[in-house]
Amino acid sequence: SSVGGRGGAPTVTCPLHDATFDLKTGKVVRGPSIDGIATYGARVADGTLYADVPEAILAGSKHERVVKAMCQRTSKDARVFALVGGGAASLAAAETLRQEGFGGRIVMLTKEAHLPYDRVKLSKTPDATVESLQLRSADFFDKYGIEVLREATVNKLRSSSHEILYTTADGAEATLKYDAALVATGGSPRKLFCPGANLAGVMTLRTPEDAAEISRHAKKGQRMVVVGGSFIGMEIASALKKKGCEVSVVAMETVPFERVLGKKVGASFARVLQKEGVEWYGSAQVRLFRGSSRVNGVELEDGEVLPADGVVIGAGVLPNTRFIEGVSLDKNGAICVGPLLSAEAVPNLYAAGDVCAYPSLRTGSRVRIEHWDVATQQGRVAAKNMLGQYVPFTTTPFFWSGLFGKNLRFVGHAPDVLDRVIVEGDVSGMEFISYYTEDDEIRAVATVNKDPVAVACAELMRRGKMPRASELLIGTVNAEVILERLR
């Protein structure tokens, strides 16, 4: 298709993750990928299409990764751009700045000891090594003059004076003056404030060190309790079960994903849990964690006690923004930004990822999306606007999850009230599409084991050509028709 379906350069899109690339150059257009794809010459002769693919590829070699041309640091450019946070958004911003010709100083400050890594994989494969998760090598950052200050704790960001006060890895106090800054510090896992919450064996997941601790507990036959019934909690439960643990999930919802996907879809995942031997405790809350120095049980509000060799709390995150002065925050603590992702009344301060509350393209109301794809694209857009290019953030949210061998994809913004959900397909067989509607509009789509449909819907949403909800109800449109509209 063309970009946005509006006459731009032709593109090709991955049906699994909505990663989109320029068909001629292979460069990334949008989506979670940081590298482009290889492209090869093609020609048509006598009605047959021929592609000039190297013999090494035909013999089984891997395709070459494509990195968009990036400029070097130059002493002639005295500007300083600060990137607070060392995740997907900051990495995307740093690369975009160099790709767009910014020769000034780029300083990335991260509290972690690692270079940017693929955080998404932590909940799916908690025993993965940091080296296998790392997105770019140290040589890459050195080559393009991107300074990464690791184990740097930012104590204060003063938006009025354009300065960042931080503590270095060796404990020294330092100040960085900036011309523009991006805050992409992500979120801290929510903790439970109840007796026993500080016992050994009560864990959260944010860093590779957290994942390693969970992996140490996750031995075959160990009794693990997961608190939280949404994406992180369910992904952790899936990973623990795969390692042979006895897994129980405790959640306030009656079924998994109820607040995100609705009861009907949630009920289908409840059946998956039952089939996989995972105990689901819905409409439940933790009263306390039992144990002297190490947790050995979870007591629920109704008095039931679940034996536990370990507990993982996956109950969402809180935006890391307490260190910022002079910006407006929403009720969750995220930075309120405009369409260009700059903070209200602070035009040289930008936000991306978990800390960003931005105006929805459709409704204008503020939304905050906690997913890799959105964070990456926001980093790219913020970088362009730091350079004065005036590019609004208009990306249609797309995220994915893999649970017990089931591929879940979600695209769009679901309405606040999930009472008008149209389901097509085999729910019991876990192959279906769920359409979330408001008035006569399809606001969001979730698919299970129907990956191409989610990507097709994402493209139609970008083009403004999604069918009406009434067309689904009367049977004139279904998934096949949606796929056909893109052909």
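## An aromatic cluster

Phe231, Phe257, Phe269, Phe399, Phe410 and Tyr436 come together as one aromatic cluster in what is a predicted model. The structure as a whole holds nine aromatic pairs.

Phe257 sits in the loop between E16 and helix H7 (258-261), while Phe269 sits in helix H8 (residues 263-276), so that the pair links distant parts of the chain, 12 residues apart. Both Phe257 and Phe269 are buried.

## A charge over a ring

Elsewhere, a charged side chain is placed against an aromatic one: Arg136 lies over the face of Phe140, at 4.7 Å from the ring centre.

## Ser248 in strand E16

Ser248 is found in strand E16, which covers residues 246-250. With a relative accessible area of 13%, Ser248 falls under the 20% cut-off and is therefore buried. When its neighbours within four places in sequence are left aside, the residues in contact with Ser248 are Met224, Val225, Val226, Glu279, Tyr281 and Leu306.

## Helix H5 and its cover

Helix H5 spans residues 208-217, and its buried residues are Pro208, Asp210, Ala211, Ile214, Ser215 and His217.

## The largest cavity

Three cavities of 30 Å³ or more are counted in the model, and the largest cavity holds about 40 Å³ of space. Its lining is made up of Leu122, Ser123, Pro126, Leu205, Ile214, Ile236, Ala239 and Leu240. Among these, Ile214 is also one of the buried residues of helix H5.

Helix H6 (residues 231-242) gives the most to the lining of the largest cavity, contributing three residues. Sorted by class, this lining has seven nonpolar residues and one polar residue, with no charged residues.

## The second largest pocket

The second largest pocket has a volume of about 1,200 Å³. It is lined by 48 residues, of which Arg30, Thr394, Thr395, Thr396 and Arg462 are the closest to its centre. The elements that give two or more residues to the lining of this pocket are the strands E3 (28-30), E27 (356-359) and E33 (441-448), along with the helices H2 (88-99), H9 (372-386) and H10 (451-463).

By class, the lining of the second largest pocket has 20 nonpolar, 13 polar and 15 charged residues, whereas the lining of the largest cavity has no charged residues.

How values were computed: Residues numbered from 1 in each chain as written. Predicted model: local features only at pLDDT ≥ 70, side-chain atom pairs only at ≥ 80, totals over all residues. Heavy atoms only, no water. Helix = DSSP H or I, 4+ residues; strand = E, 2+ residues; numbered from the N terminus. Buried < 20%, exposed > 50% of the residue type's maximum accessible area, 1.4 Å probe, protein only. Contact = heavy atoms within 4.5 Å. 1 Å grid on protein atoms, 1.4 Å probe; cavity = no way out; pocket = protein on both sides within 12 Å on 5 of 7 lines; lining within 4 Å. Points joined across faces, edges and corners; volume = space filled by probe spheres on them. Nonpolar A, V, L, I, M, F, W, Y, C, P; charged D, E, K, R; others polar. Phe/Tyr/Trp six-rings, centres within 6.5 Å; stacked < 30°, edge-to-face > 60°. Lys NZ or Arg CZ within 6 Å of the ring centre and 35° of its normal.
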